[in-house]
Amino acid sequence: ELFDMNHVQQIPILRQIVYLGYGSMVFRFCAQKDTCPDNLLKPLHDLLSVATAHVNEEDIVLGLKAIGNAGQLASIKNIMKLLPGFGTAAASIPLKIQADVIMALRNIAKKDPGK
């Protein structure tokens, strides 16, 4: 898989490009569908989960931006865990990252404003 390639993991800018580009590709692929297949969102959700567990702020931000690029309703649970009042992880996360959490919800809100 592209995310596990050695040079993608070693070069930070390449890693960012891969994750952000993948999120955008998921958005375009799923744009005409009501729901997006879970296997497409899994790498993004895994990145965010691992980064949150290790409190790796850089990866949390990268995961949030990639999930924001994907803009899929299925990602709301993963994002909401990082907001105060919705999850315990929010207590250890800086305010700037909490703002990034809200920004990640933007594309989801555009796709399904009723939720």
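How many helices and how many strands make up the secondary structure of the chain?

**Figure 1. Overall fold of the predicted chain.** The secondary structure comprises six helices and zero strands, where helices (H or I, at least four residues) and strands (E, at least two) are DSSP runs numbered from the N terminus. In sequence order the pattern reads α-α-α-α-α-α. The radius of gyration of the chain is 14 Å, close to the 13 Å given by the globule rule for 115 residues, so the chain is as compact as a globular protein of that length. That radius is taken over C-alpha atoms, and the rule is 2.2 Å times the number of residues to the power 0.38. The C-alpha trace spans about 40 × 35 × 20 Å along its principal axes. The model is predicted, so local features need pLDDT of at least 70 and side-chain atom pairs count only at pLDDT 80 or more, whereas totals for chains, interfaces and linings use all residues. Residues are numbered from 1 along each chain as its sequence is written, and side-chain values use heavy atoms, with hydrogens and water left out.

Figure 2. Of the 115 residues in the chain, 37% are buried; buried denotes under 20% relative accessible area, exposed over 50%, and partly exposed in between (1.4 Å probe, protein chains only). Among contacts (heavy atoms within 4.5 Å) between residues at least 6 apart in sequence, 54% join residues at least 24 apart.

Figure 3. A pocket is an open set of points on a 1 Å grid over the protein atoms alone, where a 1.4 Å probe fits, with protein on both sides within 12 Å along at least five of seven lines; lining residues have an atom within 4 Å of a point. The largest pocket has a volume of about 150 Å³, that is, the space filled by probe spheres set on points joined across faces, edges and corners. Its lining consists of E1, F3, D4, Q9, R15, Y19, P43, D46 and L47. Helix 2 (12-30) and helix 3 (38-53) are the elements that give two or more residues to this lining, and the largest share, three residues, comes from helix 3. By class, the lining residues divide into four nonpolar, one polar and four charged. Here Ala, Val, Leu, Ile, Met, Phe, Trp, Tyr, Cys and Pro count as nonpolar, Asp, Glu, Lys and Arg as charged, and the others, Gly among them, as polar.

**Figure 4. The disulfide between C30 and C36.** One disulfide (a pair of cysteine sulfur atoms within 2.5 Å) is found in a search of the whole structure. The sulfur atoms of C30 and C36 lie 1.9 Å apart, and both residues are buried.

**Figure 5. Backbone at V55.** V55 is situated in the loop between helix 3 and helix 4 (57-70). Although V55 is not a glycine, its phi is positive, at about 50°. Most residues other than glycine have a negative phi. With 43% relative accessibility, V55 counts as partly exposed.

**Figure 6. Surroundings of D100.** D100 belongs to helix 6 (residues 95-111) and is buried, with a relative accessible area of 15%. Not counting residues up to four places away in sequence, D100 touches V61 and L64.

**Figure 7. C-alpha separations from M5 and S49.** M5 is placed in the segment before helix 1 (6-10), and its C-alpha atom is separated by 9.7 Å from that of R15. S49 lies in helix 3, with 13 Å between its C-alpha atom and that of G87.
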